[in-house]
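Let's take a friendly walk through one protein model, from its sheet to a few of its side chains. Please have your viewer ready.

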Amino acid sequence: MKPRRNAARRPAPPLPDRAGYFGAYGGRFVPETLMRALEELEAAYRSVGRSAAFRSRHSKILREYAGRPTPLTLAERLSKRLGGAGGAGAPRVYLKREDLLHTGAHKINNTIGQALLAREMGKRRVIAETGAGQHGVATATAAALFGMRCTIYMGTEDMRRQALNVFRMRTLGAEVIGVDAGSRTLKDAINEAMRDWVTNVRDTFYILGSVLGPHPYPMMVRDFHRVIGREAKRQVLAAEGRLPDLLVACVGGGSNSIGLFHEFLPNARVRMVGVEAGGRGIATGEHAARFAGGRGGGRAGVFQGTRSFVLQDDDGQIRTTHSISAGLDYPGIGPEHSYLREIGRIEYAHVTDDEALRAFTLLSTLEGIMPALESAHAVAWLVKNRRRLRRGAVVIVNLSGRGDKDVQTVSELLTR
């Protein structure tokens, strides 16, 4: 389904509805054994998770333990480079520095929130899935902080790519279980985590890592990450005296991007671009660009508990994905993203592995900041589209994580 271009910039209504739908996307598609657990989770989140006392406790931990607020850094040399020769008419590019949070990524916002909710519900064991490992590290960190047992599921291919994060999780006390099924990546880790939850639903809380899965997870994870956009709005108003012209963020499942974008949705003049993983190119089929369009992209379908856009073949079988970034290598996308694309409020694009790798090097050499390969996709889109920026545009790029975890991958690729 193509986005309705004539609806672009239209502010989105507050969603999801009571059934967990963002327009035609979302819902709750799970085995009957999990329906009661999800209803219990939704009731707890609405009554406890949204209370003033809970929000105050969550904010206090994020401030005193995780390191919020994160800075909004003006990337002066990158801005000049994007402006061309002499930097005339250069945009002013700001980096929202989620990479400076404890554990190195935005994921801690959500895992602290869900772990707090798990304690309120009397759960003493948490489980999670992870792709790039950052959500796993953040979950293991929250579990250690609150004295909870923790099991992390991770595809063995991702474990190979992210060996450092596997070590970090185990050092934090988590059990890390490798998943050798399917593509041995994030979708397979989610399948195993779901199986664990079905078996141990009485005493186990599933800390899902993105705005994915059955209701209420897309809503709940989004709400825990909205702090990114709230801070960014205050910070850019203080720095520039006005709202930004453009927001850019990478989109895997979509948590860091929705966290930045959501606060700005009512501001119709603020353009937003979510950047997917173009992998080795759409024509090759080796990518994770759900919104690419044509036969190379995805279409609406039900996957891992929710209705959204999914990369699937003509028979409805999930297609194998590829990305240089383990965190973007996923065949589905959060249902709110599908809705916001459909109404034309957010634009979605993709960049290739090679473009992301060049952006990783560019930001490192120009600003002394090594971005996660996920975030490098957002930087790559900005570089690729620099000639389309208006003179003096104010831009915010969300740096969802730091590149420490990807140094080995980048080193191997650059020395081939």
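What follows is a short report on a predicted model, with a section for each topic.

## The open sheet

Six strands make up an open sheet of mixed pairing, and their order is S3-S4-S14-S9-S10-S13. The edges belong to strand S3 (72–74) and strand S13 (347–352); each has a single partner strand, so one side of each is left without a neighbour in the sheet. On average, and ignoring direction, neighbouring strands of this sheet are turned by 30 degrees against each other.

How do S10 and S13 pair, and over how many bridges? Strand S10, which covers residues 271–279, pairs with S13 in the parallel sense, over six bridges.

## Helices across the strands

Helix H10 (residues 227–240) lies across S3, strand S4 (92–97) and strand S14 (394–399), and its direction makes an angle of about 145 degrees with S4.

Helix H14 (residues 373–384) lies across S4, strand S9 (246–250), S10, S13 and S14. Relative to S9, helix H14 runs at about 140 degrees.

## Asp99 in its loop

Asp99 sits in the loop between S4 and helix H4 (107–120). Is Asp99 buried or exposed? With a relative accessible area of 3%, under the 20% cut-off, Asp99 is buried.

Which residues does Asp99 touch, leaving out those up to four places away in sequence? They are Gly104, Ile369, Leu399, Ser400, Gly401 and Arg402.

## Aromatic pairs

The structure holds nine aromatic pairs. In one of them, the ring centres of Tyr25 and Phe309 are 6.3 Å apart and the planes stand at 55 degrees, so the pair is tilted: the angle falls between the limits of 30 and 60 degrees. Tyr25 belongs to strand S2 (residues 25–26) and Phe309 to strand S12 (residues 306–310), so this pair ties together parts that are 284 residues apart in sequence. Both Tyr25 and Phe309 are buried. Tyr25 and Phe309 also form one aromatic cluster with Phe291 and Tyr348.

Phe303 and Tyr330 have ring centres 5.7 Å apart and planes at 40 degrees, so the pair is tilted. Since Phe303 lies in strand S11 (residues 299–303) and Tyr330 in the loop between S12 and helix H12 (335–342), the pair ties together parts that are 27 residues apart in sequence. Phe303 counts as buried at 12% relative accessibility, and Tyr330 is buried with a relative accessible area of 3%.

## Charges over rings

Where does the charged end of Arg341 sit? It is over the ring of Phe309, 5.3 Å from the ring's centre. Another case is Lys233, which lies over the face of Phe264, at 5.3 Å from the ring centre.

## Leu243 beside Lys233 and Phe264

Leu243 touches both Lys233 and Phe264. Leu243 is placed in the loop between H10 and S9. From C-alpha to C-alpha, Leu243 and Lys233 are 7.0 Å apart in space, and they are ten residues apart in sequence. Leu243 is partly exposed, with a relative accessible area of 25%, a value between the 20% and 50% limits.

How values were computed
Residues numbered from 1 in each chain as written. Predicted model: local features only at pLDDT ≥ 70, side-chain atom pairs only at ≥ 80, totals over all residues. Heavy atoms only, no water. Pairing = 2+ DSSP bridges. Helix = DSSP H or I, 4+ residues; strand = E, 2+ residues; numbered from the N terminus. Axes fitted to C-alpha atoms, helices over the stretch in contact; angles between N-to-C directions. Contact = heavy atoms within 4.5 Å. Buried < 20%, exposed > 50% of the residue type's maximum accessible area, 1.4 Å probe, protein only. Phe/Tyr/Trp six-rings, centres within 6.5 Å; stacked < 30°, edge-to-face > 60°. Lys NZ or Arg CZ within 6 Å of the ring centre and 35° of its normal.
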